[in-house]
Amino acid sequence: MTGTERRQQLLNVARELFAEKGFDGASIEEIAHRANVSKPVVYEHFGGKEGIYAVVVDRETQLLLDRMVSTLHGGHPRAMLEQAAVALLSYVEESHDGFRILVRDSPVASSTGTFSTLLNDIASQVEHILGKEFSARGYDGKLAPLYAQALVGMVALTGQWWLDARKPKRDEVAAHLVNLAWNGLSHLEHKPKLRLTDL
């Protein structure tokens with residue numbers, strides 16, 4: 001195995017172990033054992049558990065942020081809300097180990113930590129979009145940060161719940177999130193559907 005291949009193998013093993021046991025429950029010994037290498041090999045590549053954990057978290061954070069940013073194509077605000085909800089839930093569905101790592105040691109409700117920092121980055125982008133929409137519709141643009149945090153937090157907490165529940169299906173969960181965010185409790189649709197192409 002080349003050095004690059006070994007590094008990737010160690011990252012894959014560590015990612016699986018951190019998802020399974022969390023940072024505190026995982027050990028260099030177990031990473032090395034699962035990768036069928038000696039502990040010094042892990043230390044040589046990453047310097048220790050903190051080093052390999054930091055690389056795993058950075059990769060997952062970038063993957064989620066790239067997915068969120070690349071799906072916001074603009075257009076109608078409801079379509080953008082749908083795009084964001086589907087992007088986050090798709091990440092949960094396709095990279096559940098990565099999402100578990102991000103939320104386990106940095107829960108959504110926390111004000112510090114990797115996942116909350118990531119959510120703040122996403123919320124600031126949503127805030128910019130909402131600010132323009134609020135101004136165009138005569139609403140107070142100063143409220144855009146509040147609404148951005150509320151929307152992103154709602155989707156993120158639902159994603160955390162859905163990580164284990166897995167029912168209903170992704171698009172149905174996204175449709176209900178958008179239903180609540182877009183229509184409010186007083187105007188909920190009984191059977192909401194995503195309208196990504198209808199707007």
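Contact here means heavy atoms within 4.5 Å, and helices (H or I, at least four residues) are DSSP runs, as are strands (E, at least two), numbered from the N terminus. The model is a predicted one, so to speak: local features need pLDDT of at least 70, side-chain atom pairs count only at pLDDT 80 or more, and totals for chains, interfaces and linings use all residues. Residues are numbered from 1 along each chain as its sequence is written, and side-chain values use heavy atoms, with hydrogens and water left out.

On to the helix pair. In α5, the residues L81, A85, L88, L89, V92 and E93 touch L151, V155, A156, G159, W162 and L163 of α8. Sorted by class, this contact has 10 nonpolar residues, one polar and one charged (nonpolar being Ala, Val, Leu, Ile, Met, Phe, Trp, Tyr, Cys and Pro; charged being Asp, Glu, Lys and Arg; polar being the others, Gly among them). Helix α5 spans residues 77-94 and helix α8 residues 144-165, and the two pack at about 30 degrees with axes 10 Å apart (axes are lines fitted to C-alpha atoms, for helices over the stretch in contact, with angles from 0 to 180 degrees between N-to-C directions). That makes α5 roughly parallel to α8, a label for angles under 35 degrees.

Then the rings. Six aromatic pairs turn up in the structure, a pair being Phe, Tyr or Trp rings (six-membered ring for Trp) with centres within 6.5 Å. For F18 and F23, the ring centres are 6.2 Å apart and the planes lie at 20 degrees, so this pair is stacked (planes under 30 degrees apart). F18 is buried at 1% relative accessible area, and F23 is buried at 19%, where buried means under 20% (1.4 Å probe, protein chains only). Ring pairs also link F18 and F23 with Y53 into a cluster.

Technical notes:
Parallel < 35°, antiparallel > 145°, perpendicular 65-115°, else oblique. Phe/Tyr/Trp six-rings, centres within 6.5 Å; stacked < 30°, edge-to-face > 60°. Buried < 20%, exposed > 50% of the residue type's maximum accessible area, 1.4 Å probe, protein only.
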